[in-house]
Amino acid sequence: MTALLPRRGLAQLLALIVILAVDRVVSPQFFDLRLQDGRLFGSLIDVLNRGTPVALLSLGMVLVIATRGIDLSVGAIMAISGAIAASLADSHGLPVVLAAALGAGLVCGLWNGFLVAVLGMQPIVATLILMVAGRGIAQLITEGRIVTFSSPDLVWLGNGAVLGLPVPVAIALGMLILTAAVVRGSALGLLIEATGGNARASELAGIGTRAMILSVYVWCGVCAALAGVIAAADIMGADANNAGLWLELDAILAVVIGGTSLFGGRFSLVLAVLGALIIQTMNTGILLSGYPPEFNLLVKAVVVLAVLLLQSPKLTGFAGIAARLRRTKA
Amino acid sequence: MKGLPPVLITAVVLIAGFVLCAVQFPNIASTRVVGNLLTDSAFLGIVATGMTFVIISGGIDLSVGSVIGFTTVFVALAIERWGMPPLVAFVAILALSAAFGAAMGTVIHVFDLPPFIVTLAGMFLARGASFLLSTESVPITAPIYSTVSDFAVRMPGGGRLTAIAIIMLVIVIGGALLLQLTRFGANVYALGGSRATASLMGVAVGKMTVKIYMLSSLLAGIAGIVFSFYTSAGYSLSAVGVELDTIAAVVIGGTLLTGGQGSVIGTFLGVLIQGLIQTYINFDGTLSSWWTKIATGILLFAFIALQQGLVALARRPRTKSLGAAT
């Protein structure tokens with residue numbers, strides 16, 4: 001567990017606790033939980049449930065960023081997979097629907113990975129292409145309409161419960177454990193970090209950096225597709241225009257809050273998901289406090305700036321000098 | 001003559017596209033349609049001019065769409081609710097947006113942070129601020145707005161070159177001259193080529209970074225004013241996603257996203273290509289608007305792949321680095 005939650009997670013954990021405490025102040029019932037029809041209800045569960053799409057996106061995004069990349073297209077991939085799931089839901093069984101939607105995510109990830117790893121494009125540019133075109137493709141699938149469905153299987157995916165937890169939360173938890181097991185249970189995580197730290201040196205050390213880069217984009221695409229299916233299942237429909245809109249930015253923000261450097265070379269899955277929860281706890285808190293939801297953006301901007309300044313190489317440089325000065329004085 | 005071949009290719013694509021459109025719909029080849037094309041893409045052309053400077057210098061500015069949105073709301077409220085004379089409101093908002101850009105540039109330089117994430121914060125900040133001002137669309141009824149909307153230079157063939165199209169053309173030409181003929185422009189190229197080298201050659205990297213982002217936000221502010229002329233209203237959700245259209249126009253115009261190469265004229269042609277796709281879809285009537293996005297995506301891919309090929313050719317003796325930085 002120490003490998004999953006290193007000491008540097010303390011700041012994020014403290015931030016979450018502080019925000020939770022603030023939420024408790026603005027809404028006294030914040031920590032109330034009740035069990036009804038075999039499912040837990042309450043603001044905390046709500047935070048987990050609403051935070052699921054960004055948490056799933058950040059799982060894939062954190063690996064991409066660890067290789068020094070970035071994936072701007074996750075929101076568009078969500079729209080595509082949601083559109084596919086919604087259009088197939090009423091005519092096909094759940095396995096087919098899931099296979100088609102996740103398959104689409106896989107193909108999108110392959111495309112991004114191909115552009116970055118094989119053609120050597122800058123990640124921000126390569127994924128911009130799908131970010132622009134992807135939403136058009138999603139609208140092509142839904143023919144510009146909002147496709148609704150009533151398939152109980154797919155609806156369960158968005159609104160059902162497993163062991164008292166909402167299904168989306170259980171899925172996100174499962175994906176976190178799966179990703180952590182694969183990446184941290186093997187040397188894969190280390191190889192990904194090495195690729196991000198110095199691609200050329202890693203290549204010379206015998207790491208298949210191309211395969212690493214390709215596979216993180218594929219995984220990011222699959223995670224985004226899963227988030228898209230859950231988002232569609234949640235509202236029982238697919239809206240190609242708005243599904244996952246700007247969520248790529250929230251996912252990047254979650255990863256950055258989780259302490260993963262945008263310059264690659266190190267990452268933490270658990271902290272990225274924690275970052276997603278911090279964002280969602282803020283959002284829910286602002287909603288509960290009665291401030292207009294538009295306030296969210298301002299708060300987010302301030303949080304990004306604060307986290308950035310804390311991460312800034314210059315500031316850590318100052319802190320290092322200050323620490324050294326203190327040591328010499330003592 | 002750096003960056004000329006990509007511009008030529010963009011120009012050929014634009015002309016070929018225009019000819020193809022004109023063959024199918026002969027009416028497209030009229031000054032009326034061209035005039036409308038210029039008017040509709042006026043704000044995009046202005047903001048893309050600023051983005052060209054940022055991208056050539058090796059940065060990126062994601063905040064421009066939000067700055068446009070904020071500007072329209074601010075101008076509308078200042079004129080309609082706070083009783084400011086329109087010209088005073090314009091000066092105030094331009095000063096505000098320039099200061100905003102300067103602040104972003106300062107943060108990027110002083111704290112050595114990636115422009116992508118700093119301007120992302122700026123995007124949230126500006127959009128959030130415009131939501132705080134007003135979440136409704138505020139109509140602008142000041143007389144200057146109807147005067148400007150009615151003003152147009154008649155072109156032969158009945159086309160109208162509107163005031164906002166003229167503003168855009170002036171800014172594009174001014175931007176091109178600034179980039180090609182001044183020391184400032186040369187420094188922008190130097191920064192994008194290599195920060196370290198530029199710094200060693202005596203370019204004040206910090207000052208330049210601040211100035212470049214200031215220019216981009218200032219032009220976004222002007223684009224916002226033009227946008228408010230275009231719609232005669234201020235709305236906090238206006239110009240959402242424009243940063244992407246802008247970056248796409250710059251890339252299609254042959255500017256290298258890694259910096260160091262590109263031109264304002266190319267960007268202008270890129271803006272026109274996007275406008276032409278939109279015009280074609282409007283003329284066709286059966287195609288839906290999402291084809292614009294797909295076509296833009298395909299063009300983006302084609303141009304980036306082309307650049308990638310040209311760069312690879314130019315650097316053939318050296319080995320190509322993998323997983324390039326953002």
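Predicted model: local features only at pLDDT ≥ 70, side-chain atom pairs only at ≥ 80, totals over all residues.
Residues are numbered from 1 along each chain as its sequence is written, and chains are lettered from A, with ligands numbered from 1, in the order in which they are written.

**View 1. Where chain B meets chain A.**
Here 43 residues of chain B are in contact with 46 residues of chain A. Two residues are in contact if their C-beta atoms, placed from the backbone, lie within 7 Å. On the chain B side, the elements that give two or more residues are helix H6 (115-133), helix H12 (242-252) and helix H14 (290-314). Helices (H or I, at least four residues) and strands (E, at least two) are DSSP runs, numbered from the N terminus. That side of chain B has 29 nonpolar, ten polar and four charged residues. For these classes, Ala, Val, Leu, Ile, Met, Phe, Trp, Tyr, Cys and Pro count as nonpolar, Asp, Glu, Lys and Arg as charged, and the others, Gly among them, as polar.

**View 2. The two domains of chain A.**
Chain A is assigned domain 1 (38-290) and domain 2 (301-330); such bounds come from an automatic or database domain assignment. Taken over C-alpha atoms, the domain centres are 32 Å apart.

**View 3. Helices H3 and H4 of chain A.**
Helix H3 (residues 74-88) and helix H4 (residues 94-118) of chain A pack at an angle of about 155°, and their axes are 9 Å apart. H3(A) is therefore roughly antiparallel to H4(A). Axes are lines fitted to C-alpha atoms, for helices over the stretch in contact, and angles run from 0 to 180 degrees between N-to-C directions. Angles under 35 degrees count as roughly parallel, over 145 as roughly antiparallel, 65 to 115 as roughly perpendicular and the rest as oblique. The H3(A)-H4(A) crossing is right-handed; a crossing is left-handed if the near helix is turned anticlockwise from the far one by less than a right angle, and right-handed if clockwise. Residues of H3(A) in the contact include Ile77(A), Ile80(A) and Ile84(A), and those of H4(A) include Val96(A), Ala100(A) and Cys108(A). By class, this contact has eleven nonpolar, two polar and no charged residues.

**View 4. Helices H1 and H12 of chain A.**
Helix H1 (residues 10-26) and helix H12 (residues 269-289) of chain A pack at an angle of about 15°, with 10 Å between their axes. So H1(A) and H12(A) are roughly parallel to each other, and their crossing is left-handed. Among the residues that meet are Leu16(A), Ile19(A) and Asp23(A) in H1(A) and Leu274(A), Ile278(A) and Met282(A) in H12(A). The contact of H1(A) with H12(A) has twelve nonpolar, six polar and one charged residues.

**View 5. Helix H8 of chain A and its cover.**
The buried residues of helix H8 (residues 188-197) of chain A are Gly189(A), Ile192(A), Ala194(A), Thr195(A) and Gly196(A). A residue is buried if 20 or more other C-beta atoms lie within 10 Å of its own, exposed if 12 or fewer, and partly exposed in between, with C-beta atoms placed from the backbone. Their cover includes helix H2 (43-66), helix H7 (167-185), helix H9 (199-204) and helix H10 (209-235) of chain A.

**View 6. Helices H4 and H12 of chain B.**
Helix H4 (residues 64-80) of chain B packs with H12(B) at an angle of about 130°, axes 7 Å apart. H4(B) is therefore oblique to H12(B). Val64(B), Gly65(B) and Ile68(B) of H4(B) make the contact with Val242(B), Glu243(B) and Thr246(B) of H12(B). The tally is three nonpolar, two polar and one charged.

**View 7. Gly275(B) and its partners.**
Gly275(B) sits in helix H13 (residues 264-284) of chain B and is buried, with 22 other C-beta atoms within 10 Å. Leaving out residues up to four places away in sequence, Gly275(B) touches Leu37(B), Asp40(B) and Ser41(B). Ser41(B) is 234 residues from Gly275(B) in sequence, yet 6.3 Å away in space, C-alpha to C-alpha. Val34(B), in helix H2 (residues 31-40) of chain B, is 241 residues from Gly275(B) along the chain, with 9.8 Å between the C-alpha atoms.

**View 8. Two positive phi angles in chain B.**
Most residues other than glycine have a negative phi. Ser232(B), not a glycine, has a positive phi of about 50°, and Ala239(B), also not a glycine, has one of about 65°. Ser232(B) is in the loop between helix H11 (205-231) and strand E4 (233-234), whereas Ala239(B) is in the loop between E4 and H12 of chain B. Ser232(B) is partly exposed, with 15 other C-beta atoms within 10 Å; Ala239(B) is buried, with 28.
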